[in-house]
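Here are my notes on the chain you asked about. Please read them with the coordinates open.

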Amino acid sequence: MLTNNFRLIFIMVAGSFCLGTPTIKNLFLNGYTTGSVLSTNLKLMLALFVPHAILEISAIIIAGAAGFKIPYEILRYLLGRKERILTQEDIKEYLTLALISIILIVIAAWIEANITLEIAKTVLGSTKSILKK
């Protein structure tokens, strides 16, 4: 899951260079997918999702903010609300958001690999069918 989440974070952060189009697409797609999964089975959701999802969803939202940072600053420049397209502070904020999302994804992946499976074993009794996927 870490590689999938890294790919998602990269696409969302890099989406900033495509005026946020990939960022908004991935935010909607992940929101829809997460909502679909959560609406199916409450017991399964609690066992497999909640332990790591708080950090994972936070990382995705922060990556989305990074993905909109540069388009936002360009829009502000075009509207005459700032003198330079990107300042050093803007770039620092963009990189900070990207780094925070990466750190949160790594922590969430560790929780998913080490804690979530143990909770799933306790709640569901077995993780054999889960691990086959």
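Predicted model: local features only at pLDDT ≥ 70, side-chain atom pairs only at ≥ 80, totals over all residues.

1. Local features were considered only at pLDDT of at least 70. Side-chain atom pairs needed pLDDT 80 or more.

2. Helix H4. H4 covers residues 50–78, which is 29 residues. From first C-alpha to last, H4 reaches 42 Å, close to the 42 Å expected at 1.5 Å a residue. Where does H4 bend? The bend is at Lys69, by about 35°. A proline, Pro71, follows within four residues. After H4 comes Gly80, with a positive phi near 80°.

3. The nonpolar core. The largest nonpolar core has 13 residues. Ile9, Met12, Val13, Ala59, Ile60, Ala63 and Tyr94 touch the most other members. H1, H4 and H5 are the elements that give two or more residues to this core. H4 supplies the largest share, five residues. As background, nonpolar side chains in soluble globular proteins tend to be buried together.

4. Val13 in detail. Set aside neighbours within four places in sequence. Val13 is then in contact with Ala63, Ala66, Gly67, Tyr94, Ala98 and Ser101.

5. The aromatic pair. How many aromatic pairs does the rule count? The count comes to one. The ring centres of Phe17 and Tyr94 are 6.0 Å apart and the planes are at 80°, so the pair is edge-to-face. The cut-off for that class is over 60 degrees. The pair links distant parts of the chain, 77 residues apart: Phe17 sits in the loop between H1 and H2, Tyr94 in helix H5.

6. Is Phe17 buried or exposed? Phe17 counts as exposed, because its relative accessibility is 60% and the cut-off is over 50%. Tyr94 is buried, with a relative accessible area of 7%.

7. Leu19. This residue lies in the loop between helix H1 (2–14) and helix H2 (21–38). Leu19 is not a glycine, although its phi is positive, about 60°. At 61% relative accessibility, Leu19 counts as exposed. Check its backbone in your viewer.

8. Asp90. Asp90 belongs to helix H5 (residues 88–124). Its relative accessibility is 7%, so Asp90 counts as buried; the cut-off is under 20%. Which residues does Asp90 touch, not counting those up to four places away in sequence? They are Lys69, Glu73, Lys82 and Ile85. Lys69 is also where H4 bends.

Key. Residues numbered from 1 in each chain as written. Heavy atoms only, no water. Expected span 1.5 Å × (residues − 1). Bend = angle between axes of the 7 residues up to and from the residue. Buried < 20%, exposed > 50% of the residue type's maximum accessible area, 1.4 Å probe, protein only. Contact = heavy atoms within 4.5 Å. Phe/Tyr/Trp six-rings, centres within 6.5 Å; stacked < 30°, edge-to-face > 60°. Core = buried A, V, L, I, M, F, W, Y, C linked by side-chain atoms within 4.5 Å.
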